[in-house]
Amino acid sequence: MHWLLKGFGRSSRPVFSNEAQEAESQLVRSIEEWRREMQLEKFVLLGHSMGGFLAASYSMQYPERIKHLILADPWGFPERPVDRISRVPMWVKVIAYVIEPLNPLWPVRVAGPFGQWLIEKTRPDIVKKFAPVLKDDTAVISQYLHQCNAQTPSGESAFHAMMQHFGWAKNPIVKRMDKLNPEIPITLLYGSRSWVDNSSWETLKQARASSYINVQAITGAGHHVYADKSEIFNKYVLEACNLSDSISHLTASDIRSNSKSINEQQISLILTNEEVDSKTAKGQELNTP
């Protein structure tokens, strides 16, 4: 099943707290409300980006409901590194100080009817990711993004409340991982080219030495790992789901003993095939009269 959090996409636009912890709690409660409505006793929870942050938070509060936690390039795990901030030029700090009170997607709303054009010009990469699926109707992506984000920035405001200094969580997950039940198996999937800081994930593995925590870097993928390398991403997700179905209590030893795990050679083969297909498609286009 797939669902959008309250405040995003075509979901309702409730008012969220301006306080980080309360805004997080409100979003986590909305996940639990959805679970009850769907009548799910125990389920595999997958979250991407901020969704990964909230999935981890939900798992801490409702561990008895989680069968397997899958985090796709999750935001909000590491602490903000102070040394990076000190190296930023003063003029950048001034601009950041001025626009920090604004919600992240304020330019889309300021642009009014030109919001769709702004998205197409500034983020053509997002449209390109879904071009193979939509074929000739790629304009629908920028139209959808504009229509969703031109509305009241409800969920966006909640994200802004939980965020500090453009991309760091006020209450990072790494500082409270001890609250996550060690029996909950975790699969971490992140893109090798993602902007998300993954420095804390090795710390998580060390802190959960006896627990199942499978960390996989997907070569060539960015933050939108599910779209950039969808075949590899789907293979890892299905592997995690099948493993949880077949083994009731996963431990660290199950990572090494799982013979169905995708190794580096298989990943390289998939990537090579994708490149061949891409080149073949381009060659056909060039040969087309």
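Predicted model: local features only at pLDDT ≥ 70, side-chain atom pairs only at ≥ 80, totals over all residues.
Residues are numbered from 1 along each chain as its sequence is written, and side-chain values use heavy atoms, with hydrogens and water left out.

I begin with helices α1 and α2. Helices here are DSSP runs of H or I with at least four residues, strands are runs of E with at least two, and both are numbered from the N terminus. Helix α1 covers residues 20–38 and helix α2 covers residues 50–61; their axes come within 9 Å and cross at roughly 75°. Each axis is a line fitted to C-alpha atoms, for helices over the stretch in contact, and angles run from 0 to 180 degrees between N-to-C directions. Helix α1 is therefore roughly perpendicular to α2; angles under 35 degrees count as roughly parallel, over 145 as roughly antiparallel, 65 to 115 as roughly perpendicular and the rest as oblique. On the α1 side, the contact (heavy atoms within 4.5 Å) is made by E24, L27, V28, I31, E32 and R35, and on the α2 side by M50, F53, L54, S57, Y58 and Q61. By class, this contact has 7 nonpolar, 2 polar and 3 charged residues. In that classification, Ala, Val, Leu, Ile, Met, Phe, Trp, Tyr, Cys and Pro are nonpolar, Asp, Glu, Lys and Arg are charged, and the others, Gly among them, are polar.

S57, in helix α2, is buried, with a relative accessible area of 1%; buried means under 20% relative accessible area, exposed over 50%, and partly exposed in between, with a 1.4 Å probe and protein chains only. Beyond its neighbours within four places in sequence, S57 is in contact with E24, V28, I173 and R176.

I turn to the nonpolar cores, each a set of buried Ala, Val, Leu, Ile, Met, Phe, Trp, Tyr and Cys residues joined through side-chain atoms within 4.5 Å. Which members of the largest core touch the most others? Of its 39 residues, they are M50, L54, Y58, L69, W75, M162 and I186. Elements that each supply at least two residues include α1, β1, α2 and β2, and α2 gives the largest share, 7 residues. Apart from this core lies another, of 11 residues, among them A72, I218, I232 and A240. W75 is in contact with residues including S49, M50, F159, M162 and W195, leaving aside neighbours within four places in sequence.

Most residues other than glycine have a negative phi. S49, in the loop between β1 and α2, has a positive phi near 55° and is buried at 16%. D73, in the loop between β2 and α3, has a positive phi of about 45° and counts as buried at 0% relative accessibility.
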